[in-house]
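The following paragraphs lead through a protein model, from its overall fold to its pockets and then to a few side-chain details. Please keep the structure in view while reading.

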Amino acid sequence: MDEHAQRIQDTITEITEIEDPQVRAKIVTEVLKVIHTGNSTLSAARREDIKELREAGLSYRKIGPLIGVHFSRVKQLESGEPTGINARPRKEATEEEMPPGRRSAE
């Protein structure tokens, strides 16, 4: 693991070892806010890096191992489009598809 990533992992481990639940919960709340913002910032930086590597003539197959992802993921990262199950539009469930207790008649 890269030293930067290791320092973050070490900090997370330290936080989870805090015994006082009130103190730990407050710190976790603050850190999760930082992670949320940091995720967007780091994703944008990686997207720019991929674009630069592509402009330099590297293929997705060459970039993938360089940055530690499968080559098929590189194009997805470059586009910035959401992927996975959460990226698909959800259809509205019919009454019959809803679990018991969630139906309007109950």
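In this predicted model, the protein contains four helices and zero strands, and the order of its elements, read from the N terminus on, is α-α-α-α. Of the 106 residues in the protein, 8% are buried, where buried stands for a relative accessible area under 20%.

Two elements, α1 (3-16) and α2 (21-55), each give two or more residues to the lining of the largest pocket, and α2 gives the most, with ten residues. In terms of residue class, the lining of the largest pocket divides into seven nonpolar, four polar and two charged residues.

The second largest pocket has a volume of about 170 Å³. Ten residues line this second pocket, and the closest to its centre are Ser43, Arg47, Arg73, Leu77 and Gly80. The lining of the second largest pocket is made up of two nonpolar, four polar and four charged residues.

A pair of aromatic rings is described by the distance of the centres and the angle of the planes. Which count of aromatic pairs results when ring centres have to lie within 6.5 Å? By this rule there are zero aromatic pairs. Charged groups do, however, sit over rings in two places that can be inspected here: the charged end of Arg54 lies over the ring of Tyr60, at 4.0 Å from the ring centre, and the charged end of Arg61 lies over the ring of Phe71, at 3.9 Å from the ring centre.

One further residue deserves a look. Is Ser59 buried, partly exposed or exposed? Ser59 is placed in the loop between α2 and α3 (60-67), and because its relative accessible area is 29%, Ser59 is classed as partly exposed. Ser59 and Phe71 are twelve residues apart in sequence, while their C-alpha atoms are 8.6 Å apart in space; Phe71 is also the residue whose ring lies under the charged end of Arg61.

Definitions and conventions
Residues are numbered from 1 along each chain as its sequence is written. This is a predicted model: local features need pLDDT of at least 70, side-chain atom pairs count only at pLDDT 80 or more; totals for chains, interfaces and linings use all residues. Side-chain values use heavy atoms; hydrogens and water are left out. Rings of Phe, Tyr and Trp (its six-membered ring) pair if their centres lie within 6.5 Å; planes under 30 degrees apart count as stacked, over 60 as edge-to-face and the rest as tilted. A charge sits over a ring if NZ of Lys or CZ of Arg is within 6 Å of the ring centre and within 35 degrees of the ring normal. Ala, Val, Leu, Ile, Met, Phe, Trp, Tyr, Cys and Pro count as nonpolar, Asp, Glu, Lys and Arg as charged, and the others, Gly among them, as polar. On a 1 Å grid over the protein atoms alone, a cavity is a set of points where a 1.4 Å probe fits but cannot get out, and a pocket is an open set with protein on both sides within 12 Å along at least five of seven lines; lining residues have an atom within 4 Å of a point. Grid points are joined across faces, edges and corners, and a volume is the space filled by probe spheres set on the points. Buried means under 20% relative accessible area, exposed over 50%, partly exposed in between (1.4 Å probe, protein chains only).
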